[in-house]
Amino acid sequence: MTENMTTPAADQNATTGTEFLRDFAEMSSFGATDRGGVHREAATDADHQTRAWFAAWLERNGFEVTRDEVGNQFGLVELVPGAPYLLVGSHLDSQPMAGRFDGAYGVLAAAHAARDARTRAERGEIHPLFNLAVVNWFNEEGSRFTPSMMGSSVYTGKMAAADSLSTVDRAGISVADALAQGEVGRLAEAPAAAAYAEIHIEQGRTLENGGHTIGLVDRTWAASKYRIVVHGEQGHTGSTIMADRKDALFGAALLIVAARELTEVFDEGLLHSSVAELSLEPNSPVTLAREVVMNLDLRSPDESVLARANEILVEKIAEIEARARVTIERHLTHQWGLSPYQPEGVDLARAAAAELGLSHTEIMTVAGHDSTNMKDIVPTVMLFIPSIEGISHNELENSSDADSVAGVAMLSEVVARLLRGDLAG
Ligand code: GLV
Ligand code: MN
Ligand code: MN
């Protein structure tokens with residue numbers, strides 16, 4: 001589609017595919033990596049540059065840019081003075097050396113969809129019940145500052161703002177200090193939400209395998225994330241006799257393998273588990289590790305599987321403590337259940353996809369999203385576009401131009417429907 005192309009009346013002034021793709025390419029240049037991804041952890045220079053670029057885009061397009069005290073960034077459009085807001089967004093931060101779609105696609109799609117909805121409202125094509133806000137949630141990824149989904153957790157009252165601001169990265173830099181390095185926009189109270197919509201790349205193969213363009217997310221997988229600390233004792237790697245060793249790294253290695261083998265206890269696809277982050281002390285070549293700190297991430301589409309996996313893990317930990325002569329602490333750091341998105345929101349999205357002629361299917365999300373938080377406080381619609389080969393948290397993450405553009409049209413239609421109160425009545 002080109003910008004000058006004649007379009008049906010309802011689509012006139014709608015964002016064009018060319019314009020969206022051009023903006024997306026420009027946005028993806030911040031923190032760009034050699035193989036087409038982005039390296040843009042929360043509140044790093046690359047994230048600040050992206051946030052500044054995005055604020056400028058919003059201002060240029062007639063949005064008022066504000067931010068709240070925990071770094072959530074908003075682009076506001078007042079349509080109904082005094083009314084609460086329909087929020088639409090996702091996150092601009094990324095994992096290290098990750099894909100350019102995860103989060104950022106949804107933020108830019110939200111901005112284009114909100115601009116289209118405003119145009120439709122100004123022309124009297126829809127009669128809005130709410131104001132409109134595009135949102136870039138701070139630190140969804142949780143790689144630099146843990147836990148993930150931090151900005152939306154504070155917004156939804158699941159985390160105290162003070163706890164977020166005092167969280168430190170590995171170098172001891174706090175969220176408050178990292179944010180202060182580059183904030184743009186007026187500091188203001190976050191807008192009150194009436195409803196929320198988000199679009200995201202799937203991060204799996206379901207849509208691609210089924211030949212669908214749009215996923216209507218109806219539930220989350222359940223997740224339990226742990227911080228594991230393995231305590232051993234330092235000793236000489238050569239001279240300490242094997243029977244005397246209390247090697248924390250050996251204990252950690254056994255636990256990493258046990259976590260992986262845990263998935264084999266259940267039918268395929270019922271449990272995902274991983275250890276992906278690890279640090280050890282003193283991390284010296286001739287000294288046995290006295291302590292290992294690592295994460296452990298368990299996910300399932302069945303809460304009873306997750307509960308059973310936890311029980312087995314407790315037994316395995318006891319065995320490993322005895323075998324490696326270490327002690328192991330396990331702290332739950334983040335969890336969510338197998339919770340549904342409101343069925344009315346899924347119905348609304350299904351009708352929108354049908355009207356646009358987009359092939360669609362109900363789908364669960366394995367990854368957490370800011371919508372995972374938002375759906376607990378307001379009616380929420382969560383959408384997916386296909387991932388090529390399910391590649392995620394990797395520079396090669398991708399979706400086709402056609403699917404990216406179709407997703408923006410889909411989100412625009414969902415925003416229009418939410419704005420006119422289809423979920424409210
Ligand atoms: C997102 O934060 C996830 O852990 O899936
Ligand atoms: Mn994401
Ligand atoms: Mn991610």
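Me: What should I know before reading the numbers?
Reply: This is a predicted model, in which local features need pLDDT of at least 70 and side-chain atom pairs count only at pLDDT 80 or more, while totals for chains, interfaces and linings use all residues. Residues are numbered from 1 along each chain as its sequence is written, chains are lettered from A and ligands numbered from 1 in the order in which they are written, and side-chain values use heavy atoms, with hydrogens and water left out.

Me: Which residues coordinate the manganese ion (ligand 2)?
Reply: Donors are N, O and S atoms within 2.8 Å of the metal (3.2 Å for Na, K and Ca); water is not among the atoms, so sites may look incomplete. Here His91 (NE2), Asp102 (OD) and His200 (NE2) coordinate ligand 2 at 2.0 to 2.2 Å. Their spacing in sequence is H-x10-D-x97-H. His91 sits in the loop between strand E3 (85–90) and helix H3 (104–122), and His200 in strand E6 (residues 193–201), so the pair links distant parts of the chain, 109 residues apart. Helices (H or I, at least four residues) and strands (E, at least two) are DSSP runs, numbered from the N terminus.

Me: Are His91 and His200 buried or exposed?
Reply: Buried means under 20% relative accessible area, exposed over 50%, and partly exposed in between (1.4 Å probe, protein chains only). His91 is buried at 0%, and His200 is buried at 1%.

Me: What are the protein donors of the manganese ion (ligand 3)?
Reply: They are Asp102 (OD), Glu141 (OE), Glu141 (OE) and His393 (NE2), at 2.0 to 2.5 Å. Asp102 also coordinates ligand 2, and the two manganese ions are 3.6 Å apart. Glu141 lies in the loop between strand E4 (131–136) and helix H4 (150–155), and His393 in the loop between strand E14 (380–385) and helix H12 (401–419), so this pair ties together parts 252 residues apart in sequence. Glu141 is buried at 8%, whereas His393 is partly exposed at 40%.

Me: Which residues are around ligand 1?
Reply: A residue is near a molecule if one of its heavy atoms lies within 4 Å of it. By that rule the residues are Glu140, Ser148, Lys225, Arg299, Trp336, Ala367 and Gly368. A polar contact is a pair of N or O atoms within 3.5 Å. Oxygen atoms of ligand 1 have such contacts with the side chains of Ser148 at 3.0 Å, Lys225 at 2.5 Å and Arg299 at 2.6 Å. The protein covers 88% of the 190 Å² of accessible area that ligand 1 has on its own (Shrake-Rupley method, 1.4 Å probe).

Me: How many salt bridges are there?
Reply: A salt bridge is a side-chain nitrogen of Lys or Arg within 4 Å of a carboxyl oxygen of Asp or Glu. The count is 23. One of them joins Arg35 and Glu395 at 3.3 Å. Arg35 is partly exposed at 49%, while Glu395 is buried at 9%. Another joins Glu319 and Lys316 at 3.9 Å; being 3 residues apart in helix H9 (residues 303–324), they are separated by about one helical turn.

Me: Which residues form the nonpolar patch on the surface?
Reply: Patches are made of residues with over 30% relative accessible area and no salt bridge; like charges are joined within 9 Å, and nonpolar side chains (Val, Leu, Ile, Met, Phe, Trp, Tyr) within 5 Å. Leu249, Ile256 and Leu278 form this one, with about 210 Å² of accessible area together. Ile256 is in helix H8 (residues 248–262) and is partly exposed at 32%.

Methods
A polar contact is a pair of N or O atoms within 3.5 Å; within protein, one must be able to donate a hydrogen and the other to accept it, and residues adjacent in sequence count only if both atoms are side-chain atoms.
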